[in-house]
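Here is a short report on a single protein chain. Have the sequence and the model open as you read.

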Amino acid sequence: MTKNVSIKFCKKCLYSENHPLGITFNDEGICSGCLVHDEKNKLDWSFRWQKLLKLVKRYKSKKNNYDAIVPVSGAQDSYFIMYIVKKLGLKPLVVHYNKYFNTDVGIYNLSNLRIKFNTDIIFQNVNPRCVKKLTKKTFTEFGNIYWPILAGNSVFPVQISIKYKIPLIIWGAHQGLEQVGMYSHKNEVEMTRRYRKNHDLFGIDEYNIFNTYDDLNQEDLSSYFYPSDSELKHIGTRGIYLGNYLRWDPKAQHEKMIKLFNYKTTRFNRTIDCYDYVDCFNYLNLHDYLKFLKHGYSKITDHLTREIRHKRIDKISALKIVSRYEKKSPLYVGLFSEWMGIDSKGLKFITDKFKNNNLIYHNKSFQSLNDIAMLENKKKLKRKQIKKISFFNNSSIKKKNYITFGKGY
Ligand SMILES: [Zn+2]
């Protein structure tokens with residue numbers, strides 16, 4: 001028995017009106033994400049590249065300082081961003097927030113990046129006791145084990161901008177634009193404190209946490225405070241997104257980086273994309289599973305929506321592939337329990353607390369947004385062969401423990 005839930009889905013991609021970033025639909029039932037994606041096929045990208053060249057030229061340091069800050073990890077778009085930054089003729093200061101859930105593949109990618117792009121780097125290793133305390137808090141209160149990482153990733157580059165007096169920060173794509181078409185490419189949207197709070201951090205920033213919980217003090221959160229408006233104004237800090245100036249295509253970009261710089265990839269249990277988040281034990285495992293429980297869909301829906309929009313897979317094949325992956329158990333949960341100091345029963349108790357019972361519930365069946373979409377496309381699913389989509393896999397996670405560096409453990 002499945003529960004009947006009426007939910008509006010995009011006619012083209014896999015997203016529904018339940019997307020946590022917010023989504024709108026036009027009269028034909030096409031979502032804002034698909035509509036903004038279509039701009040990629042219409043915009044004059046050589047004109048936009050010239051605009052970018054002109055923009056960054058103003059930031060070339062005359063005082064032998066760095067020209068820009070580039071936040072990187074051992075995964076995602078880090079290599080491609082560095083590749084473009086070098087093409088732009090900039091001298092970057094690379095910054096990295098240590099997330100502690102590091103895989104050996106990610107550590108390899110990070111050190112290989114420093115060698116291949118011949119760059120200076122600053123690591124932020126927040127006191128591990130604070131990180132654990134904060135992770136425990138955000139996990140038990142919001143079902144989010146990634147809050148400190150998202151907060152750290154988005155604030156550390158800004159703090160470095162102030163400290164080293166380097167105004168320009170260069171990011172890859174803007175998630176709100178790419179996924180749900182929150183902005184047009186032509187808006188040339190830039191990094192803001194507000195977007196960070198409302199979307200990167202799901203509406204809860206360090207001030208909310210500090211003001212709400214008596215058991216967390218200023219010291220626990222000191223590494224996560226966003227610089228003040230007057231500091232930002234004084235330095236002229238701004239964060240631009242390359243996706244506004246280049247036709248953004250993560251799959252094609254990663255494949256180029258594998259060929260040119262030997263970027264390492266790995267297979268995952270819950271998605272077919274081997275390129276994203278290879279540096280982390282938890283993002284595509286426990287973190288993704290929590291996303292599934294809370295929102296009724298997981299990262300594979302994001303990955304395949306992206307691939308539908310780039311016309312590398314059709315919607316019906318994508319629905320079938322999602323159904324094979326989204327309910328698989330997350331791996332490495334034991335590593336997280338051990339790191340966090342909670343037993344497996346305690347961990348299950350906390351994760352179950354965040355199950356969205358409107359969408360997902362245990363009866364005779366287990367219903368997700370994809371299940372509901374499958375029901376709506378029942379007839380088409382019957383007659384359709386699954387189209388395959390391939391991702392290169394050139395490595396595997398060999399060491400089954402969090403790789404530490406700096407003062408991490
Ligand atoms: Zn769509």
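At what angle do the axes of helix α15 and helix α18 cross? Roughly 140 degrees, and the axes come within 10 Å. Axes here are lines fitted to C-alpha atoms, for helices over the stretch in contact, with angles running from 0 to 180 degrees between N-to-C directions.

This is a predicted model: local features need pLDDT of at least 70, side-chain atom pairs count only at pLDDT 80 or more, and totals for chains, interfaces and linings use all residues. Residues are numbered from 1 along each chain as its sequence is written.

**The helix pair**

Leu319, Val322 and Ser323 of α15 meet Asn370, Ala373 and Met374 of α18. Contact means C-beta atoms, placed from the backbone, within 7 Å. The residues of this contact are four nonpolar, two polar and no charged. Nonpolar covers Ala, Val, Leu, Ile, Met, Phe, Trp, Tyr, Cys and Pro; charged covers Asp, Glu, Lys and Arg; the others, Gly among them, are polar.

**The whole chain**

The chain has 19 helices and five strands. These are DSSP runs, numbered from the N terminus: helices are H or I of at least four residues, strands E of at least two. Buried residues make up 42% of the 409 residues. Buried means that 20 or more other C-beta atoms, placed from the backbone, lie within 10 Å of the residue's own. The C-alpha trace spans about 70 × 50 × 40 Å along its principal axes.

**The core**

The largest nonpolar core holds 95 residues. Such a core is a set of buried Ala, Val, Leu, Ile, Met, Phe, Trp, Tyr and Cys residues joined through C-beta atoms within 7 Å. Leu14, Ala68, Ile69, Val70 and Ile170 touch the most other members. Helix α6 gives the largest share, seven residues. Leaving aside neighbours within four places in sequence, the contacts of Leu14 include Leu319, Val322 and Ala373. Those residues also take part in the meeting of α15 and α18.

**A covered helix**

Helix α3 is mostly covered, with seven of its ten residues buried. They are Ser78, Tyr79, Phe80, Ile81, Met82, Ile84 and Val85. The cover includes β1, β2, α4, β4 and α12. Just after α3, Gly89 takes a positive phi of about 75 degrees.

| Element covering α3 | Residues |
|---|---|
| β1 | 68-71 |
| β2 | 92-97 |
| α4 | 104-116 |
| β4 | 168-171 |
| α12 | 250-261 |

Methods. Buried ≥ 20, exposed ≤ 12 C-beta atoms within 10 Å, placed from the backbone. Contact = placed C-beta atoms within 7 Å.
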